[in-house]
Amino acid sequence: MERELEPGWGPWPVWSAVWVGALSALAVGLIIGLIGYAIGAHQLTAPRTMSFHGARVITTIFSVTGAFFAFVVGGWVAARMVGARRAEPAILHGVTAWLVTIPMMLLLAALGATGMWGAWYGGLVASPAWVATPPTTPEIAAAVRNGALATVIALLLGLTGSVIGGWMASGEPMRLGYYRRRALDAFERPRRAA
């Protein structure tokens, strides 16, 4: 089914769509993070150091869903705005929006603003190079390791979300068997006799 645009409307330029997708991912992530703060889902049972044993279930749920669904929205917005009708360019635009978001989050982390997106992005925050010293106690070393691991998981969940969001925006079926037959559909696939 071919999507038709209203007269006078067309797809946005590629980089505009990518930037808007990246900003929408940040906005949705911020909204989910603030909802988590509002209901108390950001609290750990061990407030001194970051430990996975001290994380509550609601904290983990908000962190995982926030990291995933923020980038589903970002990938979907980027792919829809560019007008991609095939899954591959739509996924590419979703992933590009994710890539643009990473330096933006690093900048926000440097300004101390990533705490509102949830505890998973705490590994983006580091001390400046001129103050950098190795962790002095095993507890601090474990907290740094766990923070870095949680950040890597959140970023990979975001990448997965941007792929799925871009794929959803293309309108193509989300099953792998479709792609084996898609090339034949363009040349009128031979019909089987019943």
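Is threonine 101 buried or exposed? Threonine 101 is buried, with a relative accessible area of 0%. The notes below start from the overall fold and come back to this residue. The model is a predicted one.

1. Overall fold. The chain has five helices and zero strands. Along the sequence the pattern reads α-α-α-α-α. Of its 194 residues, 36% count as buried.

2. Helix 2 geometry. Helix 2 has 26 residues, and at 1.5 Å a residue these should span 38 Å. The C-alpha atoms at its ends are 38 Å apart, so expectation and model agree. After helix 2 comes glycine 83, with a positive phi near 80°.

3. Largest nonpolar core. Nine residues make up this core: Val18, Ala22, Leu26, Ala78, Ala97, Val100, Met104, Met105 and Trp117. Helix 1 and helix 3 are the elements that give two or more residues to the core. Helix 3 has the largest share, with four residues. As background, nonpolar side chains tend to be buried together in soluble globular proteins.

4. Threonine 101. This residue lies in helix 3. A polar atom of the threonine 101 side chain lies 2.7 Å from the backbone oxygen of alanine 97. Alanine 97 is itself one of the nine core residues. Threonine 101 counts as buried because its relative accessible area, 0%, falls under the 20% cut-off. On helix geometry in general, an α-helix has 3.6 residues a turn, so residues three or four places apart point the same way.

5. Glycine 29 and glycine 74. Glycine 29 is found in helix 1. Glycine 29 counts as buried, at 7% relative accessibility. Its C-alpha atom is separated by 9.7 Å from that of glycine 74.

6. Surface patch. Which residues form a nonpolar patch on the surface? They are Ile31, Ile35, Ile39 and Ile58. Together they have about 350 Å² of accessible area. Helix 1, residues 14–39, gives the most to the patch, with three residues. Isoleucine 39 is found in helix 1. At 53% relative accessibility, isoleucine 39 counts as exposed, because the cut-off for that class is over 50%.

7. Salt bridge. A search of the whole structure finds one salt bridge. It joins the side chains of arginine 86 and glutamate 172, at 3.7 Å from N to O. The pair links distant parts of the chain, 86 residues apart. Arginine 86 sits in the loop between helix 2 (57–82) and helix 3 (87–110). Glutamate 172 sits in the loop between helix 4 (138–170) and helix 5 (177–186). In general, side chains of opposite charge can pair when their charged atoms come close.

8. Exposure of the pair. Glutamate 172 counts as buried, at 9%.

9. The backbone nitrogen of glutamate 172 lies 3.3 Å from a polar atom of the serine 170 side chain. Serine 170 lies in helix 4. Serine 170 is buried, with a relative accessible area of 4%.

Terms used: Residues numbered from 1 in each chain as written. Predicted model: local features only at pLDDT ≥ 70, side-chain atom pairs only at ≥ 80, totals over all residues. Heavy atoms only, no water. Salt bridge = Lys/Arg side-chain N within 4 Å of Asp/Glu carboxyl O. Buried < 20%, exposed > 50% of the residue type's maximum accessible area, 1.4 Å probe, protein only. Patch = residues over 30% accessible without salt bridge, like charges linked within 9 Å, V, L, I, M, F, W, Y side chains within 5 Å. Areas by Shrake-Rupley, 256 points an atom, 1.4 Å probe, with all protein chains shown as cover. Polar contact = N/O pair within 3.5 Å; in protein donor to acceptor, adjacent residues only side chain to side chain. Expected span 1.5 Å × (residues − 1). Core = buried A, V, L, I, M, F, W, Y, C linked by side-chain atoms within 4.5 Å.
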